[in-house]
Amino acid sequence: MKLKMHVSALALASAATVGAAGTVQAWTLEEAAKPYAGTELEVLFLDRPGYNAAIKMLPEFEAATGIKVNYTTVPYENALGEQVRDFVAGGDLDIALIDLVWIGNFAENGWLVPSETFINDAALADPDLDMADFFPLILDAFGSWNGVNYGLPFDNYSGLLFYNKCMLEAAGFTAPPATWDDVMNTYGPALTKDGKFAYALQSKRNETQSADSFARFLWPFGGSFLNAEFKSNLMSAESQAGLKFRQDLMKFMPEGIVAYDHAETVNAFAQGDVAMITEWSAFYSTVVSPETSKVADCVAIAPEPTGPAGRKPALGGFSLAVATQADDAEKAAGWLFIQWVTSKAKSGQYLEMGGVPGRQSAYADPALAETYKFIPALVESWKDGVPEFRPRFAEWPAITEIVQEWGTKMMLGEVSIEEGSKMIGEKMEAVLAEAGYYDGKKPLAQ
Amino acid sequence: MTLRVPRRTIAAFLGPAVAALALVGIAPLLYAVWKSLHYFNLTKLAQQRFVGLDNYASVLTDPVFWQAMGRTALLFAISVPVQIALGLTIALVLHRPGLTFWKTLTRLSLVLPMATTYAVVGLLAQVMLNEKYGVINQMLGWIGVDAINFIGDPTNAFIAVILWDIWQWTPFVALVLLAGLSTVPPEIEEAAKLETRSDWTVLRHVQLPFLVPSLVAILILRTADTLKLFDMPFTMTRGGPGSATEFIAVLIERVGNRQFDIGLAAAQSIIMLALTIFLARLYIKVFYKEVR
């Protein structure tokens, strides 16, 4: 509720700025950027479709503003470490790339400038910024912490069910599974045969294990990492049911699924070896391109199946925020870039070039669903998501390592579900105790 | 006549090397020791504090650390003897007279695995050992062997790392031992061969004593290499599945670069350094006495 109120306040502030600016003169990016022409910005990008789309759009921004955006492409696994070290050392990065689970960490360390700083500056705020146009879920989850917004949603994902409709039809199904129970009891047995598998769940021991595999089976079953007192909730009946379900579902997955990262999972689907995967919307362009997919014509998309507690699909994505270590000109130029690349005006172009905008207006045209088959499922998923799908506080880097280790051991059968859950719970609570959540030093914020 | 070298000349020759060593070796080491005595987490700098030997106590009582040490020791215990056995065989073949061109070609090709970047070796392994699409399983399929789940099975992943380590470092051992064999005086070797027709006897009583310095060098270098083995398993398995290939250097990287607990990672590194020095001294003490 607090976050929603804050988003509304931002929208009002944005609207007020529009009014104020409107009475003086029409705001243009070119005019706003004039004092900062020649400024160079440093930012980290990933090698993913959303970033490649932004890279293609950069020349237009640079020509209009005279601001140069220098990007360095790094693997996801290195992005957090690179940024943490840069911010600690007072390095060169002017813009922070924030995965939703890093926001608490970055905000609590004071590495980000609140968006309000710029939204309240009529010279920098685009009158058409329209914060309320962002999907509230992702604006909260990707860019806000403890009631303050820092980042604007840039590279936006939701977990979706990608299914091979040709394989499903051959097995007698006319629609994708609506529930996880359907996957286990109906689709799984029918589609796992002749060296093909019904489902693949990316579960490699990295963030994939904790975000894509472990958390995916907590929420739809009513479980969660933590309860309201910030104690482990993994031993609850709901969490245990979800984790046991994941273990049972492995019989319909390829052998060695714990070694599958996104690439292996998407590839198994694209090669026609697996009938269904639950993957990020960002992989849409990979599975529908004939260059990278043998099943491009058979790909169909649906929201993730529901569990006893509802859909609660995997939620992930990145926002861009201005870094406090930047000087004043870089901060202003950084904001202009972030505001531009995530703007309503550019969202159509961003979508066309392979990105997934976080703007509601970008998906308003029903005809778009013809071209981008993932849109209806994506929009529906962003209505059902939970911002704390993974806890977003500063301690997540330590906790995710624990989940990765013991979550994988559970899947390998090296420990039982109960033993693994108990171990994660104990270690997770030790991290939270050390951080001061249990003695009132820190608010119980996710 | 004894030439007395002025102190300034000695200082001028030694100074740059000592200064460079102090700058790039000693200073970071002292800084790491200092940090290992602190709670120093990059994402919680406000909580930075002196904790004395707490980090060392945490490391020494942490089962995860000892499990990683155990894995590293097992890797060393299996791969280094195999590397020495294979390397010695290759060196003895190359030491025989004749076939000069082919031996030169072999020597050159032996350098290739060593010259390949560790991380690239790991990435290649990941692709080649892929259960479904990897070339290794494809070749096994040609001879009727079912596909093996190399990377997704804990035992197979560990074996795969061992095999890859053997592939990469056997040539190094072979070249060092070949250099060692070249120090055996030819007349002694020829005399021995006149005395006995047993190659084993010649190896055991004539060649092996000359190979002891090479073997000690191999043991020291391979011990240090194994303890710091990171790039290859990281890119190949990332320490998994589970913790099956989480060797000590992979663990330290995880603690330092992913949990950002620099103090704890520094303590782990210092303990590893102490262990490396101890083992190096042990090798020299045990093996070099034969040479002396």
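Guide: Happy to. Let's start with Leu177(B), which has 25 C-beta neighbours inside 10 Å. Keep in mind that this is a predicted model.

Visitor: What makes Leu177(B) count as buried?

Guide: The cut-off is 20 or more other C-beta atoms within 10 Å. Leu177(B) has 25, so it counts as buried. Leu177(B) sits in helix H7 of chain B. Leaving aside residues up to four places away in sequence, Leu177(B) touches Gly87(B), Leu88(B), Ala91(B), Leu211(B) and Ser214(B).

Visitor: Which helix packs against H7(B) at an angle of about 130°?

Guide: That's H4(B), residues 100-115, while H7(B) covers residues 154-181. Their axes are 7 Å apart.

Visitor: Which residues of H4(B) and H7(B) meet?

Guide: From H4(B) come Leu110(B), Val111(B), Pro113(B) and Met114(B). On the H7(B) side they meet Trp167(B), Gln168(B), Pro171(B), Phe172(B), Ala174(B) and Leu175(B). By class, this contact has nine nonpolar residues, one polar and no charged.

Visitor: How do you know that H3(B) and H9(B) are oblique to each other?

Guide: We use the angle again. H3(B), residues 63-95, and H9(B), residues 199-227, cross at roughly 140°, and their axes come within 10 Å. Antiparallel needs an angle over 145 degrees, and therefore H3(B) and H9(B) are described as oblique. H3(B) passes H9(B) in a right-handed crossing. Among the residues making the contact are Phe76(B) and Val80(B) of H3(B), and Ile218(B) and Arg222(B) of H9(B). The contact divides into six nonpolar, three polar and one charged.

Visitor: What makes the phi of Lys312(A) worth a mention?

Guide: Phi of Lys312(A) is near 40°, which is positive, and the residue is not a glycine. You'll find Lys312(A) in the loop between strands S9 and S10 of chain A.

Visitor: Is Lys312(A) buried or exposed?

Guide: Lys312(A) has 24 other C-beta atoms within 10 Å, so it is buried. Arg238(B) also has a positive phi, about 55°, although it is not a glycine. Arg238(B) lies in the loop between helices H10 and H11 of chain B. With 22 other C-beta atoms within 10 Å, Arg238(B) is buried.

Visitor: Why is H6(B) called hardly covered?

Guide: H6(B), residues 135-142, has eight residues, and the count of buried ones is zero. Just after H6(B), Gly144(B) takes a positive phi of about 85°.

Visitor: Where do the two chains meet, and which helix of chain A gives the most?

Guide: In the contact, 24 residues of chain A touch 21 residues of chain B. H18(A) gives the most to chain A's side, with seven residues. That side has nine nonpolar, six polar and nine charged residues.

Visitor: What is the confidence like in chain A?

Guide: Its mean pLDDT is 90, with 94% of its residues at 70 or more. Over residues 1-23 of chain A, though, pLDDT stays under 50. Where pLDDT is low, the predicted coordinates should not be read in detail.

Terms used. Residues numbered from 1 in each chain as written. Chains lettered and ligands numbered in written order. Predicted model: local features only at pLDDT ≥ 70, side-chain atom pairs only at ≥ 80, totals over all residues. Axes fitted to C-alpha atoms, helices over the stretch in contact; angles between N-to-C directions. Helix = DSSP H or I, 4+ residues; strand = E, 2+ residues; numbered from the N terminus. Contact = placed C-beta atoms within 7 Å. Nonpolar A, V, L, I, M, F, W, Y, C, P; charged D, E, K, R; others polar. Buried ≥ 20, exposed ≤ 12 C-beta atoms within 10 Å, placed from the backbone. pLDDT = per-residue confidence, 0-100. Parallel < 35°, antiparallel > 145°, perpendicular 65-115°, else oblique. Left-handed = near helix turned anticlockwise from the far one by under 90°.
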